[in-house]
Amino acid sequence: MYNYERFESEVRSYCRSFPTVFCKAKDHLLWDIEGKEYIDFFAGAGALNYGHNNSFLKEKLIEYIVGDGITHSLDMATMAKETFLGKFYEVILAPRRMNYKIMFPGPTGTNTVESALKIARKVTGRTSVISFTNAFHGMSLGSLSMTANPGKRRGAGVPLEYCIRMPYDRFLGDSESSLAFMRKFLQDKGSGIDLPAAMILETVQGEGGLNAASFYWLREVEKIGRELGILLIIDDVQAGCGRTGTFFSFEPAGIQPDIICLSKLISGYGLPMSLTLIKPEYDIWSPGEHNGTFRGNNAAFVTAAAALTYWEDRTFQEQIQQKAERVHRKLTQMIADYPELRGEVRGRGLMQGIACGVDGLAENICKSAFRRGVILETSGPRDEVVKLLPPLTITEEVLDQGLQVLEESIQECLN
Ligand code: PMP
């Protein structure tokens, strides 16, 4: 038996602990050093849209490396960057009639969020930013102050320095109450708050419990922002790049954010990469105002460009939506069949889960599923949600197998 803890950093700053050591992964499967196979419903916390070592992306990456393609170029123009940018405009932005400039803010989701906050403050000349209940936006000091979970902020002594917290859709019961609260606070001088630079939000709250905003609420929030001159930042780090069934999670709402944050899934291969999309008129950076050594990871641009090939074919999007409906149907059936769960189906697309009304149950279900060979994680302020993030390319057959194991795990935990 291996001491698996020796195979991770000794510094326990990370939250997950899977009691094994993994050595190999392909598509939707992982294997540990004892040869046990796992179905991956975790996908690198949503960073592996196209599965592990996707054959098509791998081929492009190997071709690039074997051809001595540039890996690190910092601010130099390269063919890998050019190819990616061209394809992103052609396949993603142009067909959606979206007019944005693309910035490379650094390798992580936190980097794109930080860049969005900085640009919004510079554009408006204001300081504070609205973020919402149960939000997660990152772990650096600025993004952490937007993050709702007080447990994550407390140790670092991060106050809500720049952040005005507002109720997310239905946090106060229904959409109208949250909208009325926002309007009152922002418009009534008696509230005493300074007008913020921006509002930042996730359309589906990945870490905060898979709460999915209604399209109506998103449109109304956009309207409030437009009326008051507050920029709208959509943090699509987890919900974007197809996870909810459309490339951008906000597409079905028909809104046009001022700034869009993408990361996790954008490279398609789990390589660090992030993008900040800004409306052209907000490109007021001075040279050097937001830079970083790992801003331009060429290997990631190569796999990201290859991954966009999936989006050239509309059937890819339709397949994600069909699989999402399948997950929704099965989860809905499970909460009906097991009322002791006191469950609620949450989320959208291939980012759904079951919120359990019994303390500790979601964690136990995930542990049981792990023993049975399915990797799942929890979400939510009390870890009350069993969260499913399978690769978008997963087959219906394997999806069903994983869901079957989930059901067996629920049965085990309720007995
Ligand atoms: N925003 C959202 C919505 C996220 O889910 C995450 C990561 N879970 C981040 C930002 C931060 O990304 P990273 O961990 O790559 O810094």
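A residue is called buried when its relative accessible area is under 20%, exposed when that value is over 50%, and partly exposed in between, using a 1.4 Å probe and counting protein chains only. The structure is a predicted model, in which local features need pLDDT of at least 70 and side-chain atom pairs count only at pLDDT 80 or more, while totals for chains, interfaces and linings use all residues. Residues are numbered from 1 along each chain as its sequence is written, and side-chain values use heavy atoms, with hydrogens and water left out.

A polar backbone atom of Gly109 is 2.9 Å from an oxygen atom of the ligand. On the side-chain level, an N or O atom of Glu207 is 3.4 Å from a nitrogen atom of the ligand, and a polar side-chain atom of Lys264 lies 3.1 Å from a nitrogen atom of the ligand. Taken alone, the ligand exposes 390 Å², and the protein buries 83% of that; accessible areas come from the Shrake-Rupley method with a 1.4 Å probe, and for residues only the protein chains shown count as cover.

Attention now turns to strand β7, which spans residues 198-201. Helices (H or I, at least four residues) and strands (E, at least two) are DSSP runs, numbered from the N terminus. In a regular strand the side chains alternate between the two faces of the sheet. Both faces of β7 are covered: Ala198 and Ile200 are buried on one side, and Met199 and Leu201 are buried on the other. Two strands pair if DSSP finds at least two bridges between them. Strand β5 (residues 129-132) pairs with β7 in the parallel sense over 2 bridges, and Val129 has Ala198 as its bridge partner in β7. Strand β8 (residues 231-235) also pairs with β7 in the parallel sense, over 4 bridges; here Met199 stands opposite Leu232. Together with helix α8 (residues 215-228), β7 and β8 make a right-handed β-α-β unit. A crossover is right-handed if, with the strands pointing away from the viewer, the path from the first strand over the helix to the second runs clockwise.

Pro196 is buried, at 0% relative accessibility. Its C-alpha atom is separated by 9.5 Å from that of Ala120, 76 residues apart along the chain.

Another sheet is open and has 4 strands in the order β1-β2-β3-β13, with mixed pairing. Its edge strands are β1 (22-26) and β13 (374-375), each of which pairs on one side only. Strands β2 (residues 29-32) and β3 (residues 37-40) run antiparallel and are joined by 3 bridges, with Leu29 and Ile39 as bridge partners.

The backbone also deserves a look. Most residues other than glycine have a negative phi, and most peptide bonds are trans. Asp27, in the loop between β1 and β2, has a positive phi near 50° and is partly exposed, with a relative accessible area of 30%. Cys241, in the loop between β8 and β9 (259-262), has a positive phi near 55°, but Cys241 counts as buried at 1% relative accessibility.

A few further residues complete the tour. Thr276 belongs to strand β10 (residues 275-278), and its side chain makes a polar contact of 2.8 Å with the side chain of Ser115. A polar contact is a pair of N or O atoms within 3.5 Å; within protein, one must be able to donate a hydrogen and the other to accept it, and residues adjacent in sequence count only if both atoms are side-chain atoms. Glu396 lies in helix α12 (residues 396-414) and is partly exposed, with a relative accessible area of 32%.
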